[in-house]
Amino acid sequence: MTESPDVRSPTSIPGRDVAWPPGVMIVALLSAPFLGALLGFVLLTAVVIPRVGYGGVNRIVSLGAHIASPYTRPTAVCLGNSVTIEGVDATLVERAAGTDVSVENLAIAGAHAAELRVQAPLVAAARPALVVITLLPEAAAAPQDLDLDKAYAYGIGGFATDDPCSRIESLSEKTCSALSAAWWRAALRMRTTPIQRLNSAVRARLNPAVSTRRENKWTAPFLRHGSISGLRLQRHISEMRDTWLALQNDDNDSGPAETIALAKEFTSRGVPVLMVVAPVHPDLLPGFEPWAESLVESLRGLAATNPDVAVADASTLLGADLFSDALHPNEDGRSVFSAFIGAQIREFFQRSRGVSG
Amino acid sequence: MLFQTTEFLALFLIVLTWIALIRKARTQHGLLLLASYVFYGWWDVRFLLLIVLSTTIDFAAALGISGRRLTIPQRAALSALLAGSTILFLVPDWPALQDGAGWGSWSQALAGGWTGRGLALTAGLGFAIAGPVLYGLYFRLNEQARRRAFLITSIAANLLVLSFFKYFNFFTANLAGLGDLAGMSIDAPIMHIALPVGISFYTFQTMSYTIDCYRGDTPPEQSFTRFALYVAYFPQLVAGPILRPSQFLPFLDTPWRLESRNVLSGANLVLVGLVKKVLIADNVAPFADQVFNAPDGQPTLAIWLATAMFAVQIYCDFSGYTDIARGISRIFGIEIPINFNFPYFATSIIDFWRRWHISLSTWLRDYLYVPLGGSRVSTGRLYLNLMITMVLGGLWHGAAWNFVLWGAYQGTLLCANRLVRGWFTDAAAAARFLASPVGVAFRWAITAYLWMLGWLIFRVTDPDDLIYCIRRFVIFDGRLDLSSLGLGRGDPIVALLAAGAFVVLHSFGFASRRWDERLTSMPIPLIAGVYFVIGLLMFYAWPAGEAPFIYFQF
């Protein structure tokens, strides 16, 4: 301590004499990095985004473009989060649903009820005969806000034309501003796209157990990946349990209401929905069975009064060996879950034909 | 208001314009003080009351120590300032006003209860009333008693405010914990209060002023505006360096003038600071966060890598802030001393503390270690002094046990360093080896290992996680697969690139000269080219969300 440097005042300011006046100096020194940033922006909009897309949220923008493009509309579309991405193979669903059914998997990673409500008008406008929504028990929790990057992506993807903020209360002011942002603001937000691309490429190379999703694939968006086990699996289970417990402890009164509002987003636009409670890892199930049951119960209440709503509970469908981690089905689990959804779709169409007939 | 925001750029340009247009020193000081209060109030207007409180008390106390008796109108003016600030900063509901709602009312202000504004209002107005009375009473004491009374009042007021805002919940939570251990149920109140940004920095700064005045090391400042500017000077207000009066006040003696040489070298310092913060610290942070947010089960390699990343992050974040603060000041014509001198090249822990956060380590030396007796005491007492100083230094960083442990760890290392140094000084052959290039490399490696372990203690707050991390850090678990390195998620490649760039650039700077100095010596077109390229890089690497400086929380 005693040999620390002294604290005397500096006597002079180091530097070198410059002929330019200070004002010119300041303008020059401020302009140079701004010009650099401007070049960065031009390269981003003219080269980077057209070539490599929008990084981690590219699937959202692609989804908007996909729905808006002229193509043969599927009979049923599956919406949800990464559990649906990894757990639903549209080909297997079609096989189980019957020969006249075509299916697409339009799920977006991390999507919760409020986010699915943002997707609803555009998806409904594509006029599928049925929308299958896969929900985790956490859908019974309080509604959440949208991730800001995603909000910008939904704006770019054309999902904000009908003003989602007027329908969805849980969206914050910031999110609403992002949803309706001008193109240049959205592009600015997407400036880390090249870095994200680089990261995901390196990640996939270094760790084959981590999936890199096929962003523009609507039949089989999953990528086969290995399973985690042992301590890492236990840690993932424990993380999910903590997250869900925290959500359970929050004010959850409005959670089922948000899920019901989600179903009504589609039925009010004349599109029937099949609400499926996703498979839950057996180690996570004990604490969440009541939660899942209450979610199913409230949805069944809606289904009882609305023939356009059907409910299926797959929370106990898969054993521990059919999960690749605490959340996502593995390849075998995907087959089982896809067949389950296919059977539910077939049953729904048989019933609705029976009703209409 | 963060340095890397457009609001700050606007404020900075306004202040530059003022300095360019206004020639009178007093007006310059007043406007810079206003800018400093806007800068600090941007976080929360209510925090400004604490600065005004600290400024008023220390200004009056220093004058009292010197024997200058303020007239009654002067005392009344200070009281009115305190009372006016209390009302201005606490009564209106400023966030609601920003949202376009109406003004708050007295009844709303007083309805806050124990944790609300009522308590703060009472305290502020209480100080405003009690201050002049106490001032008069102190002057009835003899000189020695009066000087001591003013000093104690100043230190007590500063420590009271700091303890209340920073350590109250820590104290009550631990009290309740102790009660549980003893089988007693203590219903400890928990305050829902935000920690005022940078409170530890400006509290230490104002305390050094009063103590220096008491010791006769610095004359008391006669101008309130100049003193208030010393306390609230915005470039270094929230994360230092902690300035002594002699390091700042002399620069207020003459009017500032913008000079091209200062603008150039100051801007280069700002650029280096921004590169450290935005391109390096903010890009290595996600890697360290990812590992340390759930360290359980992580292999040794991941813990090592994450600790190294955190070491890069905390250095670039904190020294980046200092560089920006020094650069802005230099543009104004104020030279702030360095706070970091390549600490990661230290070859002993004593050397490390000569190079890391110099303004804090010298503060602790001059105002704590030396008054405790310093090194002019018995060996046992010296080690005790070192431990007390470093533990309190650790606690200064935050109200958590890991900071106390970190301080104790650093204190132990300093004691051990002194002990070992004594042994090697006595053994000529060993001293020769340690002075050789191999010996220097050996000392550096040992020192680096020790400060890395220190950063682990600093970073991991959960006791179970900390025990796990230390075990993994110290004992290699033999796992070498890349997939277990924590590279599965987060932003591995950017973090590794940023850390790699830091190691190369930092080593190069250490071996030859600092990058800001190197830039300053280049031809102007080349400097503009460097600025252009860094602008381009920053465009892509600037994080989308807000990334405050780590040391703001202290």
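What share of the 554 residues in chain B is buried? I looked this up first: buried residues come to 43% of chain B. I note that I am working from a predicted model.

**Entry: chain B overall**

I counted secondary structure next and found 23 helices and 0 strands in chain B. The radius of gyration of chain B is 25 Å, close to the 24 Å that the globule rule gives for 554 residues, so I record chain B as being as compact as a globular protein of that length. I also took the extent of the C-alpha trace of chain B along its principal axes, which is about 70 × 70 × 55 Å. For contacts in chain B between residues at least 6 apart in sequence, I find that 74% join residues at least 24 apart.

**Entry: nonpolar cores**

I then looked up the largest nonpolar core, which has 147 residues. The members that touch the most other members are B:Ala232, B:Ile280, B:Val284, B:Ala288, B:Ala306, B:Met309 and B:Val312. Helix H12 of chain B, residues 260–293, gives the most to this core, with 19 residues. I took B:Ile280 and listed its contacts, leaving aside neighbours within four places in sequence. The list for B:Ile280 is B:Val275, B:Val312, B:Cys316, B:Ala498, B:Ala501 and B:Phe502. As background, nonpolar side chains tend to be buried together in soluble globular proteins.

**Entry: helix H13 of chain B**

Helix H13 of chain B covers residues 300–332, which is 33 residues. From its first C-alpha to its last, H13(B) reaches 48 Å, close to the 48 Å expected at 1.5 Å a residue. How many of the 33 residues of H13(B) are buried? I get 29, so H13(B) is largely enclosed by the rest of the structure. Just after H13(B), I find B:Gly333 with a positive phi of about 105 degrees.

**Entry: B:His357**

B:His357 is found in the loop between helix H14 (349–355) and helix H15 (358–369) of chain B. Is B:His357 buried or exposed? I count B:His357 as buried, because 22 other C-beta atoms lie within 10 Å and the cut-off for burial is 20 or more. I also looked at B:His357 and B:Ile338, which are 19 residues apart in sequence and 8.8 Å apart in space, C-alpha to C-alpha.

**Entry: chain A overall**

I turned to chain A, where the secondary structure comes to 13 helices and 5 strands. Of the 357 residues in chain A, 46% are buried. Among contacts in chain A with a separation of 6 or more, I find that residues 24 or more positions apart account for 81%.

Helix H5 of chain A runs over residues 113–125 and has 13 residues. I read a reach of 19 Å from the first C-alpha of H5(A) to its last, close to the 18 Å expected at 1.5 Å a residue. Where is the kink in H5(A)? I place it at A:Gln119, with an angle of about 40 degrees, shortly before the proline A:Pro121. H5(A) is mostly covered, with 10 of its 13 residues buried. The buried residues of H5(A) include A:Glu115, A:Arg117 and A:Gln119, and A:Leu116, A:Val118 and A:Val123 are also among them.

Just after H5(A), I stopped at A:Arg127, which takes a positive phi of about 55 degrees. A:Arg127 is a residue other than glycine, and its place is in the loop between H5 and strand E3 (130–135) of chain A. I count A:Arg127 as exposed, because it has 10 C-beta neighbours inside 10 Å and the cut-off for exposed is 12 or fewer.

**Entry: contact between the chains**

Last, I looked up the contact, which takes 49 residues from chain A and 55 residues from chain B. Helices of chain A that each supply at least two residues to the side touching chain B are H1 (22–52), H9 (193–206) and H10 (230–249). The largest share of that side of chain A, 15 residues, comes from H1(A). I sorted the residues of this side of chain A and got 29 nonpolar, 10 polar and 10 charged.

Conventions: Residues numbered from 1 in each chain as written. Chains lettered and ligands numbered in written order. Predicted model: local features only at pLDDT ≥ 70, side-chain atom pairs only at ≥ 80, totals over all residues. Contact = placed C-beta atoms within 7 Å. Helix = DSSP H or I, 4+ residues; strand = E, 2+ residues; numbered from the N terminus. Nonpolar A, V, L, I, M, F, W, Y, C, P; charged D, E, K, R; others polar. Expected span 1.5 Å × (residues − 1). Bend = angle between axes of the 7 residues up to and from the residue. Core = buried A, V, L, I, M, F, W, Y, C linked by C-beta atoms within 7 Å. Rg over C-alpha atoms; globule rule 2.2 N^0.38 Å.
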